[in-house]
Each structure stands twice: as C-alpha cells, then as structure tokens.
Amino acid sequence: MKSILFAFASILILTASGCATYTPSMAKIDPVAAGSAKGQNKGVTVHINEHIRKAKSERAFDTDLRDDGVAALLVGIQNGHGKPFSFTENDIVLMDGDKPLTRLSPEQAAEKAKKSAAGRAIGWSLIVPIISIPIAATASVMHTNKVNRQMREDFVNKNLGNMVLAPGKDVSGFAFFEVEKTRSSFPNLTLVLTGALEGEAEKVKISVALAPIDTAVPDAAPVTTATPEPTAQPK
C-alpha cells in the first residue's frame with residue numbers, strides 16, 4: 001500500500017506546476033550587448049557580459065543568482081598573441097572598489113542557488129489528503145535533489161577554469177563571486193585577469209571596468225530611432 005501511495009505522490013509532485021525545475025540556456029559572449037565591457041593587453045582581449053541583473057541571470061541559470069548571494073560574469077578571452085596564454089581560476093579577480101570579492105567555485109555557487117523541497121510536500125498533503133507528509137516529503141526531496149544535481153553540473157560545465165589558450169584561439173565561461181543577498185547596487189566593479197605568455201617572465205595584466213549596475217532599476221528598453229520624413233524639395 002505504501003508503495004502505491006509513494007508512486008501516486010511522486011507523480012503528483014513531479015507533474016505539479018510548482019515543482020522544482022531547472023531549465024537554463026547557453027550563454028555566448030556578445031561584445032556589443034548593453035553593459036558589455038572590454039580590455040586588452042599584449043594582444044590578449046577580454047570581453048565581459050555581466051549576468052548580475054535578474055533577466056540575464058534567469059536566462060542563463062534559471063534563477064536570480066544575485067538574490068542568492070552570487071554575482072555571475074560571463075568572461076570571454078581571445079589570444080591574439082603569437083604565443084600560448086595561460087591563466088588559472090585564481091588569476092581572475094573581481095574588485096569592488098579597492099576590495100576583492102570572494103571567488104566562488106561552481107559547486108559553491110550552485111550550493112547557494114540550489115532549490116529547496118521545504119513546503120512542497122506539506123502543500124500536497126493538504127491538497128490531496130491521501131498523501132501523508134512523510135511520503136510526499138520523500139518524493140519531493142528525491143526530485144529536488146535530482147534538479148540540484150543538474151544545476152551543479154551546469155554550473156561546473158559553464159565555469160571558466162584553468163586554461164592554456166593557444167595563439168588565435170578564444171574561450172569563454174562564467175566566473176562566480178560572493179555578494180550580499182540584499183545588495184542591488186554595484187557602481188564600481190573591475191575584473192582583473194593576470195596571465196602569462198609562454199616563455200615570458202613578465203605577467204600580462206588586463207583590467208576591465210564594468211559600467212555601474214543597479215538591479216533595482218529595470219533594464220532600459222531598446223531605443224528606436226524614427227526615420228525622418230523626407231523634406232519636400234522646391235520645384
């Protein structure tokens with residue numbers, strides 16, 4: 001009997017519109033997107049697309065990461081130098097004014113953003129009295145854990161890690177940083193990448209200042225330019 005109830009509870013919970021899901025999308029560097037930033041040194045170019053704003057974060061990660069205490073930046077690197085360019089995760093630093101923000105591993109970022117099963121089981125036990133809270137809770141937790149595993153794998157796959165970039169090649173990925181959950185204004189962020197060109201002792205340092213970000217202000221609507229009416233020419 002318990003197995004039947006468990007199966008019934010699982011079907012209801014997994015098909016409910018309010019159940020935990022994770023439907024991210026791929027993100028590619030757009031060098032001309034609003035809020036994009038660029039820096040260059042010795043032929044190495046860095047492009048940044050911020051994903052701190054809610055709409056951008058939800059497209060890429062199906063959640064508002066800033067509300068979870070995570071600032072995500074999509075970083076693209078192009079090696080236009082004739083030598084291989086290498087860097088590590090620790091070489092990517094986000095300065096908040098004169099202070100560095102704590103870099104998060106993709107696993108740490110996913111842990112902050114993970115879904116919670118709390119409340120779903122109780123809700124279903126109230127809607128469908130045949131479902132006991134323990135049975136519904138077990139099914140809900142199992143499903144939510146699966147979703148969180150998918151989220152963690154996606155964060156790991158999208159993370160920009162240690163890299164040796166051959167000449168003429170490019171790479172992109174996300175860098176995650178810890179911020180206060182209640183914070184909405186980021187007026188002075190600068191990403192600093194420090195790498196090395198093969199055979200050269202001097203490090204290559206690239207600083208990219210981001211435009212001020214205020215998540216409390218809605219994204220600006222696209223500006224449309226009206227085509228002027230032709231001026232009548234005198235006969």
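Reader: Is Thr 63 buried or exposed?

Author: Thr 63 is buried, at a relative accessible area of 12%. Buried means under 20% relative accessible area, exposed means over 50%, and partly exposed is in between, with a 1.4 Å probe and protein chains only. Before we go on: this is a predicted model, where local features need pLDDT of at least 70, side-chain atom pairs count only at pLDDT 80 or more, and totals for chains, interfaces and linings use all residues. Residues are numbered from 1 along each chain as its sequence is written, and side-chain values use heavy atoms, with hydrogens and water left out.

Reader: OK. Where does Thr 63 lie?

Author: Thr 63 is in the loop between helix H2 (54-61) and E3. Helices (H or I, at least four residues) and strands (E, at least two) are DSSP runs, numbered from the N terminus.

Reader: And what does Thr 63 touch?

Author: Leaving out residues up to four places away in sequence, Thr 63 touches Ser 57, Glu 58, Asp 68, Ala 113 and Lys 115. Contact means heavy atoms within 4.5 Å.

Reader: New topic. How many salt bridges are there in the whole structure?

Author: A search of the whole structure gives nine. A salt bridge is a side-chain nitrogen of Lys or Arg within 4 Å of a carboxyl oxygen of Asp or Glu.

Reader: Why would side chains pair like that?

Author: Side chains of opposite charge can pair when their charged atoms come close.

Reader: Which residue does Lys 56 form a salt bridge with?

Author: Its partner is Glu 50, and the closest N and O atoms are 3.3 Å apart. Lys 56 is buried at 17% relative accessible area, and Glu 50 is buried at 3%.

Reader: What about Glu 200, which side chain does it meet in a salt bridge?

Author: Glu 200 meets Lys 83, at 3.4 Å from N to O. The pair links distant parts of the chain, 117 residues apart: Glu 200 is in the loop between strand E11 (189-197) and strand E12 (204-209), and Lys 83 is in the loop between strand E3 (70-79) and strand E4 (85-87). Glu 200 is partly exposed at 26%, and Lys 83 is partly exposed at 30%.

Reader: And Lys 112, what does it meet?

Author: Lys 112 meets Glu 178 in a salt bridge, 3.1 Å from N to O. This pair also links distant parts of the chain, with Lys 112 in helix H3 (residues 106-113) and Glu 178 in strand E9 (residues 170-178), 66 residues apart. Lys 112 is partly exposed at 32%, and Glu 178 is partly exposed at 32%.

Reader: Which residues do shared partners join into one network?

Author: Lys 42, Lys 83, Glu 200 and Glu 202, through salt bridges that share partners.
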